[in-house]
Amino acid sequence: MVRKPLAALLLVMAVAAGCKHDAPPAPDVWALVNGQQIHRDEAVKYYKSRLNPQAPTPSQEEALSLTLNVLDELINNNILIQRAKKLGLEATDGEVEDKFTEVKSPYTEDEFQRQLKERDVTIGDLKNDIRQQLSVQKLLNREVLSKIAITDQDISDFYNQNRAQFNVAETQYRIAQILVTPRKDPQLHNRKNDDATTDVEARRKAAALLQQLGNGADFTQLAMDYSEDPATASSGGDLGFVPESSLNQSDPELKHAVVVLKVGEVSPVIQLHDGYHILKLMAKEAPGQRQISDPQVQQSIRDTLRNRKEQLLRAAYMAEAREGAKVTNFLAEQVIESNGKLPEIPKFGSSALAPLTPPVQSQP
């Protein structure tokens, strides 16, 4: 019988051992990131915060797929948070408290507590999420955003390559609105949490707001405080540029109110089927080729180029950060080994909720 040298035998044993997956430190550990554990409860809580209890229940496969995506987000976030701490960029207690106050301000205390309860989130959980979000943002500001530079030549090149994009085919109106509805909207969160519930209340509120505007109040601030349009209240009622053809398809009274306004003017209260509108004409563009000398054209191009570069650099930075991290995804291993049957994931629904704080954006 030929005996293998001891060194060779040890090498074979080491290779064989290396081919096996490391076992999780505990059954509830779903991933390791540079030795730091991500637990099942953390992933499931984050999963639940992204779902709507009233939505149709997903299948086990759909729920498991969503959970794998959530866990991957947590892994990426964990990598970036570790980097932020290493570079001394972790959010301070003061920064966390300031952001917490901002997040809480649109809600009454009862509504805020209800939001937390529905998402099974404590104030401690929320503040921890805020700390992570701010820490990652500080990291990306320094490591990614600070490296973005848009030159005049970049703007000129983009304009020359996309001239047709700046040829306005028809008159466009940039409109902002304040909307007051005669019904309560659970999705509404203006800054004052002010919501009319009857037609009488809505008419009185709209008239009072118009009077404030007449006395010099700022339209954008009033819209953020009191507008009952969930889609535009947070942006000061800005509807963006509306082409004349779209106005032609709208309510005739609405179109008339817009076309008679001069830039900067505010309309009277307009009653339409969805409530009471107050409009402001922010800008008006005539048809024709917009020139590169137009400040709005330059800003539009600058924003487009900056967004493109930011997405590219974020993706590259995340890929590089992940490459340099030691990650073990025990949940993914279990799914493969069980042919997608394990583990059991709670079924809460399938439509995303708007969380109290946006999840940390580690990737574009």
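A polar contact is a pair of N or O atoms within 3.5 Å; within protein, one must be able to donate a hydrogen and the other to accept it, and residues adjacent in sequence count only if both atoms are side-chain atoms. The views below show a predicted model, in which local features need pLDDT of at least 70 and side-chain atom pairs count only at pLDDT 80 or more, whereas totals for chains, interfaces and linings use all residues. Residues are numbered from 1 along each chain as its sequence is written, and side-chain values use heavy atoms, with hydrogens and water left out.

Figure 1. The side chains of glutamine 177 and histidine 277 are joined by a polar contact of 2.8 Å. With a relative accessibility of 8%, glutamine 177 counts as buried (buried means under 20% relative accessible area, exposed over 50%, partly exposed in between, with a 1.4 Å probe and protein chains only). Apart from neighbours within four places in sequence, the residues in contact with glutamine 177 include Phe219, Ala223, Asp229, Leu239 and His277, where contact means heavy atoms within 4.5 Å.

**Figure 2. The aromatic cluster of Phe158, Tyr159 and Phe166.** Three aromatic pairs occur in the structure. The ring centres of phenylalanine 158 and phenylalanine 166 are 6.5 Å apart and the planes stand at 75 degrees, so this pair is edge-to-face. Rings of Phe, Tyr and Trp (its six-membered ring) pair if their centres lie within 6.5 Å; planes under 30 degrees apart count as stacked, over 60 as edge-to-face and the rest as tilted. Phenylalanine 158 is buried at a relative accessible area of 6%, and phenylalanine 166 is buried at 4%.

**Figure 3. Lysine 127 over the ring of phenylalanine 100.** Lysine 127 lies over the face of phenylalanine 100, 4.8 Å from the ring centre. A charge sits over a ring if NZ of Lys or CZ of Arg is within 6 Å of the ring centre and within 35 degrees of the ring normal.

**Figure 4. Helix 12 and its cover.** Helix 12 comprises 29 residues, 295-323, which at 1.5 Å a residue should span 42 Å; the end C-alpha atoms are 42 Å apart, in agreement. The expected span is 1.5 Å times one less than the number of residues in the helix. At the start of helix 12, a side-chain oxygen of aspartate 294 comes to within 2.9 Å of the backbone nitrogen of glutamine 296. Among the buried residues of helix 12 are Val297, Ile301, Leu305, Glu310 and Arg314. The cover of the buried residues of helix 12 includes helix 3 (60-86), helix 6 (123-143) and helix 7 (152-161).

Figure 5. Most residues other than glycine have a negative phi. Asparagine 193 is partly exposed, at 23% relative accessible area. Aspartate 225, in helix 9 (residues 219-226), is in contact with Asn190, Arg191, Lys192 and Asn193, leaving aside neighbours within four places in sequence. Aspartate 225 counts as buried, at 13% relative accessibility.

**Figure 6. Aspartate 251 between helix 10 and helix 11.** Aspartate 251 lies in the loop that links helix 10 (244-248) to helix 11 (252-259). A polar atom of the aspartate 251 side chain is 2.8 Å from the backbone nitrogen of glutamate 253. Aspartate 251 is partly exposed, with a relative accessible area of 34%. Between aspartate 251 and histidine 273, the C-alpha to C-alpha distance is 9.3 Å, at a separation of 22 residues in sequence.

**Figure 7. Serine 65 in helix 3.** Serine 65 counts as partly exposed, at 40% relative accessibility. Serine 65 and valine 335 are 270 residues apart in sequence, with their C-alpha atoms 9.8 Å apart in space.

Methods. Helix = DSSP H or I, 4+ residues; strand = E, 2+ residues; numbered from the N terminus.
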